[in-house]
Amino acid sequence: MIKLLSDLGVLPVSLLHKIGFCSFAKAGLSLFDPTDSQKRDLEKLIKMIPASYQGLLSGKLYLNALKFIRSLKEFLEGTRRPVILEEANIQFILDFLKEKVGKVGGVIVLDCGSIPELSAIAGKLAYLNRNVTIYDKFFINPVGTTKFLTEQLAYLGRETALKYYAEMLKKELGAKFDIKISTTDLIVHQYGVTIDKFLDSLDIEKIFEQMYHYVKQDSILVTADHGYDLVADEHGLYITHGYKRKCPLNFSRIALFLIID
Ligand SMILES: [Zn+2]
């Protein structure tokens, strides 16, 4: 997905984001058996993309999104092993990061950093000749809430707020600084009604510029506490996190680890 988006990297991040988001939304909905009104909501969303780029949503990007959603579903539902001892456990994640990542210059933690945002930003950075590494291990957040992560910090002798997670990662990975960006979470809570409002109000260019500022200085680890869910129910299509029922995109359960250098 990131490779495909970086091929389009000449476009502004906000358009890359819309294209990526719509590819995931279309793929997620196609596996969901949507109602006619939900299908219309998706069509309305796709119209936010300039007509000349709408064709991309039927080709490789769509197939790629479909493949990703299928394997994520399989991973989240298929495995019966206790993730709480592994990918859902902060100590396990710390050990993994210390072994695989080692040292980084800085740490950026997004409150609600979901797959569409991270792939758009990573695609743009790859286009700008940055090295982007995504680990095949991710943090699993079975309930999709910040609290699930921050509560674990107490057992590690830390205060229970997301900024202390960023601070802990900084210390453990020998980084010089840590940043927490809450933009997406605030939008998800404030405008958590419809997807077009979400796409319109999320200033992804600003998040990108914030991150790019630090990427220019040093290698950066980017991660999140959870992503968000794309829900399709009687209220139409909307974004939330920690949704408990079946929904087209269940991204609030995972947080990726990216290294940009
Ligand atoms: Zn939240």
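In what order do the three strands of the open sheet stand, and in which sense do they pair? The order is β7-β6-β8, and the pairing is antiparallel. The legends below start with the whole chain and then move to close-ups.

This is a predicted model: local features need pLDDT of at least 70, side-chain atom pairs count only at pLDDT 80 or more, and totals for chains, interfaces and linings use all residues. Residues are numbered from 1 along each chain as its sequence is written.

**View 1. The whole chain.** The chain has 12 helices and 10 strands. Both are DSSP runs numbered from the N terminus: helices are H or I with at least four residues, strands are E with at least two. The radius of gyration is 18 Å, close to the 18 Å that the globule rule gives for 261 residues, so the chain is as compact as a globular protein of that length. This radius is taken over C-alpha atoms, and the rule is 2.2 Å times the number of residues to the power 0.38. The C-alpha trace spans about 50 × 40 × 30 Å along its principal axes. Buried residues make up 44% of the 261 residues. A residue is buried if 20 or more other C-beta atoms lie within 10 Å of its own, exposed if 12 or fewer, and partly exposed in between, with C-beta atoms placed from the backbone. Of the contacts with a separation of 6 or more, 78% join residues 24 or more positions apart. Two residues are in contact if their C-beta atoms, placed from the backbone, lie within 7 Å.

View 2. Strand β6 (residues 229–233) is mostly covered, with four of its five residues buried. Two strands pair if DSSP finds at least two bridges between them. Five bridges join β6 to β7 (residues 236–240), and these strands run antiparallel. A hairpin links β6 to β7 through two residues. Asp-229 stands opposite Thr-240 in β7. Axes are lines fitted to C-alpha atoms, for helices over the stretch in contact, and angles run from 0 to 180 degrees between N-to-C directions.

**View 3. The nonpolar core.** The largest nonpolar core has 78 residues. Helix α2 (residues 13–30) gives the largest share, nine residues. Such a core is a set of buried Ala, Val, Leu, Ile, Met, Phe, Trp, Tyr and Cys residues joined through C-beta atoms within 7 Å. Ala-25, Val-107 and Ile-195 have the most contacts inside the core. Leaving aside neighbours within four places in sequence, the contacts of Ile-195 include Ala-25, Leu-230 and Ile-239.

**View 4. Helix α7.** This helix covers residues 115–127; at 1.5 Å a residue its 13 residues should span 18 Å, and its end C-alpha atoms are 18 Å apart, which agrees. The expected span is 1.5 Å times one less than the number of residues. Of its 13 residues, 11 are buried. Among them are Ile-115, Glu-117 and Lys-124. The elements covering these buried residues include α1 (2–7), α2 and β10 (258–260). After α7 comes Asn-129, with a positive phi near 65 degrees.

**View 5. The sheet of five strands.** This open sheet has the order β2-β10-β5-β1-β4, and its pairing is mixed. β2 and β4 (177–181) stand at the edges, each with a single partner strand, so one side of each is left without a neighbour in the sheet. The twist averages 20 degrees from one strand to the next. β1 (residues 106–110) and β5 (residues 220–224) pair in the parallel sense over five bridges. Val-109 stands opposite Thr-223 in β5. Helix α9 packs on the sheet, touching β1, β4 and β5.

**View 6. Glu-159 in its loop.** Glu-159 lies between α8 (146–155) and α9 (162–172). Glu-159 is exposed, with 12 other C-beta atoms within 10 Å. Leaving aside neighbours within four places in sequence, Glu-159 is in contact with Leu-153 and Tyr-164.
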